[in-house]
Amino acid sequence: MKNLHDVWRIRFLHYVNELQKYLKYVFTGHLAIVVVFVLGAGGYQYSEWLKTVPSDFPGTWLVAFVLGVLLSFSMPTTLIREPDQVYLLPLETKLMTYMKKALSWTFWSQLFIVVIPFIVALPLLSQVSKVQPQTLGLVFILMLILKWWNVQVEFAFRWANQGQGVWGDRLVRALVSIAVLASAFTLNPLYILLLIFPIVFYFISWSRQLKGQPFPYEHFVKMEQNRMLRFYRFANYFTDVPHIQGSINRRAWLNALYRLVPSHQKNAQDYLVFRTFVRTDDTFYLWLRLTLLSALGAAFIDIPIVVMIFVGALAFASAIQIKQALSASSEFRMDMLFPIAENARNKGILKLVRVVQVLQALIVLVTLVIAGVEQASLYALPIVVVLVSEITLRMTK
């Protein structure tokens, strides 16, 4: 049996290799171009908003609230696996040696979740709220300390309570984190000192409850499986991931849509493809997310060339990924026994993609109308969605 330091090192290297294996398919050239345009447009919109924001805008409270909520989400990355319930059981008394490595990685790997929003908020804090540089430095240090505290407490809470009641614990930690950061922004040392007591007490109380408590392997194994499953589902939008299979949900509230397909033998594949799209979580939620992003971009990005590239890129992603997802199955299906043309399924897929992309274009148009967009050129966005989708379907196999 290797010592727990070696166990963590091996697990960690395998975890990093697994991430690199799929991330190279995610961060490709066209995605980088979209990200650059989105960041550029977002930065421009943010700078323009800072010029008009009133001086009494509660910037410090807003930043304290956002950072406090983000700090409370500190789910530990333990890399625990199901066989560990047997193989690590003899070493359970020394398990904290392994967990210290895991919590250290959790702290450093999750810092960007709060550091990036803090950096984004610096212009708001310095220009609008007139926060001094030394105060910003104090807030940054406290933010790091609170992140460490949140990681340690969430891990101890999950262990002591077998993973039950985590949301209640997060609410408590979010409120405490918000209060500490708000006190730091107002330079009120008395409030900060008073808040030290509940912070220390909360940490010590849950740490003490770990003594004599068996490690809840089932909870942490399930948590790790769900975390990796979320990553695999995300990577599956860009490449085939053998670790997952798309989950199916009936979605009875959409049953009425099936009546839109005429009940004829020649429409059998149209009906099956439509039903597959509606009931398969991966494809349905992928289209829904990309459509919502297109609508948000149309509503909030007022630079025509940027929003056209943004919406066009999402339309391309929607069309090609839905087409590939519905065409990917090469296994035997019962519909192969139907007396219908061999290319009927491909025609049904193309027809479905065209319909949902037209629907995406209509949603973008409705968003423009509701948002009261005045630039006439932006009302060409629905045409961009339809044109990009059609070109994508014709240029791809």
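Predicted model: local features only at pLDDT ≥ 70, side-chain atom pairs only at ≥ 80, totals over all residues.
1. **The chain as a whole.** The C-alpha trace spans about 75 × 60 × 35 Å along its principal axes. Of the 397 residues in the chain, 43% are buried.

2. **Contacts and surface.** If you take the contacts between residues at least 6 apart in sequence, 82% of them join residues at least 24 apart. The chain exposes about 22,300 Å², and 68% of that area is supplied by carbon and sulfur atoms.

3. **An arginine in helix 1.** Have a look at R11, which lies in helix 1 (residues 4–26). Its relative accessibility is 12%, so R11 counts as buried, the cut-off being under 20%. Beyond its neighbours within four places in sequence, R11 is in contact with L79, I80, R81, D84 and Y98.

4. **Helix 11.** This helix has 12 residues (268–279), which at 1.5 Å a residue should span 16 Å; the end C-alpha atoms are 17 Å apart, in agreement with that. Buried here are Q269, D270, V273, F274, F277, V278 and R279. Their cover includes helix 12 (281–300), helix 13 (304–327) and helix 14 (344–371).

5. **Helix 14 and a nonpolar patch.** On the surface you will find a nonpolar patch formed by V358, L359, L362, I363, L365, V369, Y379 and V386, with about 600 Å² of accessible area together. Helix 14 gives the most to this patch, with 6 residues. L359 has its place in helix 14, and because its relative accessibility is 40%, L359 counts as partly exposed.

6. **Helix 15, length and buried side.** The buried residues of helix 15 are L381, P382, V384, V385, S389, T392 and L393. Seen down the helix axis, these buried residues fall within an arc of 160°, so they line one face of helix 15. As background, an α-helix has 3.6 residues a turn, so residues three or four places apart point the same way.

7. Helix 12, helix 13 and helix 14 are among what covers the buried residues of helix 15. On the face turned away from the buried side, helix 15 carries the exposed residues I383, L387, I391, R394 and M395.

Technical notes. Residues numbered from 1 in each chain as written. Heavy atoms only, no water. Helix = DSSP H or I, 4+ residues; strand = E, 2+ residues; numbered from the N terminus. Expected span 1.5 Å × (residues − 1). Buried < 20%, exposed > 50% of the residue type's maximum accessible area, 1.4 Å probe, protein only. Contact = heavy atoms within 4.5 Å. Patch = residues over 30% accessible without salt bridge, like charges linked within 9 Å, V, L, I, M, F, W, Y side chains within 5 Å. Areas by Shrake-Rupley, 256 points an atom, 1.4 Å probe, with all protein chains shown as cover. Salt bridge = Lys/Arg side-chain N within 4 Å of Asp/Glu carboxyl O. Arc of directions from axis to C-beta.
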